[in-house]
2 protein chains.
Amino acid sequence: MILKNDRFLRALKRQPVDYTPIWLMRQAGRYLPEYRATRAKAGNFMNLCQNPELACEVTLQPLERFDLDAAILFSDILTVPDAMGLGLYFSEGEGPLFKQPIKNIQDIQKLVIPDPEGELKYVMDAVRLIRRELNGRVPLIGFSGSPWTLATYMVEGGSTKTFSKIKALIYNEPAAAHQLLDILAKSVSAYLNAQISAGAQAVMIFDTWGGVLTKKDYLDFSLSYMQQIVDTLPKNDVPVILFTKGGGSWLEEMSLSGCSALGLDWQTGLGDARKRVGNQVALQGNLDPSMLYANPDKIRLEVADLLRDFGHGNGHIFNLGHGIHPEINPDHVKALVDAVHELSRPYHANA
Amino acid sequence: MILKNDRFLRALKRQPVDYTPIWLMRQAGRYLPEYRATRAKAGNFMNLCQNPELACEVTLQPLERFDLDAAILFSDILTVPDAMGLGLYFSEGEGPLFKQPIKNIQDIQKLVIPDPEGELKYVMDAVRLIRRELNGRVPLIGFSGSPWTLATYMVEGGSTKTFSKIKALIYNEPAAAHQLLDILAKSVSAYLNAQISAGAQAVMIFDTWGGVLTKKDYLDFSLSYMQQIVDTLPKNDVPVILFTKGGGSWLEEMSLSGCSALGLDWQTGLGDARKRVGNQVALQGNLDPSMLYANPDKIRLEVADLLRDFGHGNGHIFNLGHGIHPEINPDHVKALVDAVHELSRPYHANA
């Protein structure tokens, strides 16, 4: 099947494009009334993730409204530990929780790599269905949480502000922590390779909590396991994006992992980041998600600033610096997407 | 009165010391059983802040247990907006809240600079009492929240993850935002100067939320107002410490504000930071507060690493990269303080 819009994949490979492609983290989400309707139909969030037809439906919703250059699989970053038997559920206002968190080394030793076409078949079915329904319109992105991020939730049992349990584990029982991270890296590797076999045309690893570590611990406990995954992926054919929220200090190290692109949060200057990583990788980002609270005129000005900051040349995928907030007005998203396409053309004039 | 231990003030001025001084953010806090007893006696947190005798009592508690090199006034970062009439209170598990948050431009126009010896006299009384009770043992640090951080709480009405209201204000009504930040800068300036007159021997500005801004917005909406405050302080006599959590990318700009020292969070490498700011300022930090969950042997190793990272020479004050967590074992704090004093001596051998 011929891809009708390959700007996103071309930009990931730092090839010329006619305008800067854009997609948004959490583009299929609560800010869209049609998403809320499907979510209500599903009953709860996990049902929505586990039903391929509904997951496909919400994946496609933002593409109907906005001229986005990629679709991203609708799923959750914590499907892998759920498939390992930890019992993922969501409680209103509390975020993700596990019924059976990791409490000790015995719990770690019992973990088994989930079969992507077994316990996680619902994800692969969603990927296959979405690819069929997209019909070559834009590429489909698959994803997973990073081993460190998964371990954080698995050991804490849910969200945390202090990271007390996972940090006590890495500081006091580093061998057990490495054992946990190793089986997670192998599981994520199998999971992402299966998503690629099912049809994902790029994959992204979300390292939501890498930024709570010191540099040394980030390299040891997060980046090295993402590296282990990247090494197993067919990255010449399927680009890989790494995103560590709060990881702006470590872009050089991340860029040497063999990934195709780095996701940037909004605290990291796009132009500065480009100077630091050179032509090693493409860059994805990084509008402050809160900028979408601003009026469309201000959004356009901010888009113009970001495009100027990146400058001429290839290798930029426009995105937010983090997921879109649930209260955002969809009209502001339309203003953003259209502004990126329109205002970026001069930067690709020789494409 | 002669100061018996001036290592903290000497280090802030980048003068020689015999070992690296240490104090801890939130050193008077919930991890200490004696603090919890005084807090129970006070009834609630605001009563504790507003009663100079009790505030003095908890300020001195950690000095009885640990060989700390500075005391910090026990208070809250939000006393100034409370004195402006916003009605600060604390709800279990929710953090600080305001009864009368800022809702519109009229609310901003009504704000008046609080009189430090009027509505805020309880703070000055506490400073005077603590200085007397310290009797020259160690220096006393005064502090305030930064204008941006105060504005964030005032406009959001409490804690927030999305910063939706304050960001909508700076993006859509920048003039009103600047008016709010300007009166807050003037208020904090009067407040810190009054703390100095009352006896504070160093002051620290806590910019807890500067790190949620882009660089451009950080410079415009946070640093420029901290700069305005620093300009009014007698900084040759009373050192000023600036701390922006998540501000590791902007140390160069912060170091040019005329402050004496920068507080560093634990994501920022101490050695890297030193290279970047040169001899412009001293550096305070930056052990990951979660490291105190580790056993004392691991804590010592980590202290050794941090001291090696800073290296020989003057201008380091040891601290955590953020406030101490409530569940920390006080014995681990003792291990930390003693390790810093013992292991830092070789780095000051020619002092």
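**Note on a predicted two-chain model**

1. Interface. In this predicted model, 26 residues of chain A are in contact with 26 residues of chain B. Contact requires C-beta atoms, placed from the backbone, within 7 Å. On the side of chain A that touches chain B, helix α9 (residues 164-172) of chain A gives the most, with 5 residues. That side of chain A divides into 7 nonpolar, 14 polar and 5 charged residues. Here Ala, Val, Leu, Ile, Met, Phe, Trp, Tyr, Cys and Pro count as nonpolar, Asp, Glu, Lys and Arg as charged, and the others, Gly among them, as polar.

2. Conventions. Residues are numbered from 1 along each chain as its sequence is written, and chains are lettered from A and ligands numbered from 1 in the order in which they are written. Because the model is predicted, local features need pLDDT of at least 70 and side-chain atom pairs count only at pLDDT 80 or more, while totals for chains, interfaces and linings use all residues.

3. Chain A overall. Chain A has 15 helices and 9 strands. These are DSSP runs numbered from the N terminus: helices are H or I with at least four residues, strands E with at least two. The radius of gyration of chain A is 19 Å, close to the 20 Å that the globule rule gives for 351 residues, so chain A is as compact as a globular protein of that length. The radius is taken over C-alpha atoms, and the rule is 2.2 Å times the number of residues to the power 0.38. The C-alpha trace of chain A spans about 60 × 45 × 40 Å along its principal axes.

4. Burial and contact range in chain A. Of the 351 residues in chain A, 54% are buried. Buried means 20 or more other C-beta atoms within 10 Å of a residue's own, exposed means 12 or fewer, and partly exposed lies in between; the C-beta atoms are placed from the backbone. Among contacts in chain A with a separation of 6 or more, 73% join residues 24 or more positions apart.

5. Helix pair in chain A. Helix α5 (residues 79-86) of chain A and helix α8 (residues 147-156) of chain A pack at about 45 degrees, with axes 10 Å apart. Axes are lines fitted to C-alpha atoms, for helices over the stretch in contact; angles run from 0 to 180 degrees between N-to-C directions. The two helices, α5(A) and α8(A), are therefore oblique. Angles under 35 degrees count as roughly parallel, over 145 as roughly antiparallel, 65 to 115 as roughly perpendicular and the rest as oblique. Val80(A), Pro81(A) and Leu86(A) in α5(A) meet Leu150(A), Tyr153(A) and Met154(A) in α8(A). By class, this contact has 6 nonpolar, no polar and no charged residues.

6. Helix α8 of chain B. In helix α8 (residues 147-156) of chain B, 10 of its 10 residues are buried. Among them are Trp148(B), Tyr153(B) and Glu156(B). Just after α8(B), Gly157(B) takes a positive phi of about 85 degrees.

7. Backbone points to check. A cis peptide bond joins Gly285(A) and Asn286(A), with omega about -10 degrees. Asn286(A) sits in strand β8 (residues 282-287) of chain A. In chain B, a cis peptide bond joins Gly285(B) and Asn286(B), with omega about -10 degrees.

8. Positive phi outside glycine. Asn135(A) has phi near 55 degrees. Asn135(A) lies in the loop between α7 (121-134) and β4 (140-145) of chain A. It counts as exposed, with 9 C-beta neighbours inside 10 Å. Arg14(B) has a positive phi of about 60 degrees. Arg14(B) is partly exposed, with 18 other C-beta atoms within 10 Å.

Note on methods. Contact = placed C-beta atoms within 7 Å.
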